[in-house]
Amino acid sequence: KAGWGKKLPKGKGQGIAFHFSHRGYFANVAEVTVSRDGTLKVDRVVVVGDVGSQIVNPSGADNQVEGSIVDGISAAGLQSINFEQGRVIEGNFHEYPLLRISQAPHVETHFNLTQHEPTGIGEPALPPLAPAVCNAIYAATGKRIRSLPFSKTDLSWS
């Protein structure tokens, strides 16, 4: 579904990560572009989930997964709580950035229905997002990201 292994132009990369929780299996493939000046853009995320034999509300399931991806990119790319002299610097949510619509990638969601008992959908899609993006950055640049958020690295955010 993601075209894994396809040849990409310089500065683009794909990364993959997998997660199991709440009896659900999820794999994310992230495609990123890192420009010469170090600007990062998550272009596309393909998510495949195995959440059992039945999805009661398919559009709700898609929305849950897409929300998990946007939340995961926000957390991995932008969000942090900072301390100075033992106190939190940020005063409230207006100082805690969220991903903007213009920054959101194209998200493709696919479900593999199996004989497993039905299970949760919302949470299991989020954890593999950051490692998939980090692996894609490595594929695009040869540079490993070892700390989050990305905004505190030498990458800037697009």
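Me: Which residue just after α2 takes a positive phi?

Reply: That residue is G142, with a phi of about 80°. Please note that this is a predicted model, in which local features need pLDDT of at least 70 and side-chain atom pairs count only at pLDDT 80 or more, while totals for chains, interfaces and linings use all residues. Residues are numbered from 1 along each chain as its sequence is written, and side-chain values use heavy atoms, with hydrogens and water left out.

Me: Why is E31 called buried?

Reply: Buried means under 20% relative accessible area, exposed over 50%, and partly exposed in between (1.4 Å probe, protein chains only). E31 has a relative accessible area of 12%, so E31 is buried. This residue is found in strand β2.

Me: Which side chains make polar contacts with the side chain of E31?

Reply: A polar contact is a pair of N or O atoms within 3.5 Å; within protein, one must be able to donate a hydrogen and the other to accept it, and residues adjacent in sequence count only if both atoms are side-chain atoms. The side chain of E31 makes such a contact with that of Q14 at 3.0 Å, and another with that of R44 at 2.8 Å.

Me: What makes up the largest nonpolar core?

Reply: A nonpolar core is a set of buried Ala, Val, Leu, Ile, Met, Phe, Trp, Tyr and Cys residues joined through side-chain atoms within 4.5 Å. The largest one has 33 residues, and among those touching the most other members are V32, V47 and W157. Elements that each supply at least two residues include β2 (24-34) and α1 (58-77). α2 gives the most, with eight residues.

Me: Why is the pair of F20 and Y25 called tilted?

Reply: Rings of Phe, Tyr and Trp (its six-membered ring) pair if their centres lie within 6.5 Å; planes under 30 degrees apart count as stacked, over 60 as edge-to-face and the rest as tilted. The centres of F20 and Y25 are 4.6 Å apart and the planes stand at 45°, so the pair is tilted. Ring pairs link F18, F20 and Y25 into a cluster.

Me: Are F20 and Y25 buried or partly exposed?

Reply: F20 has 43% relative accessibility, so F20 counts as partly exposed. Y25, at 32%, likewise counts as partly exposed.

Me: How do you know that R144 lies over the face of Y138?

Reply: A charge sits over a ring if NZ of Lys or CZ of Arg is within 6 Å of the ring centre and within 35 degrees of the ring normal. R144 lies over the face of Y138, at 3.7 Å from the ring centre.

Me: What makes the phi of R23 and that of Q85 worth noting?

Reply: Most residues other than glycine have a negative phi, and most peptide bonds are trans. R23 has a positive phi of about 65° although it is not a glycine, and phi of Q85 is near 50°. R23 is found in the loop between β1 and β2. Q85 counts as exposed because its relative accessibility is 81%.

Me: Which residues does a cis peptide bond join?

Reply: L148 and P149 are joined by this bond, with omega about 0°. P149 is found in the loop between α2 and β7 (156-157).

Technical notes:
Helices (H or I, at least four residues) and strands (E, at least two) are DSSP runs, numbered from the N terminus.
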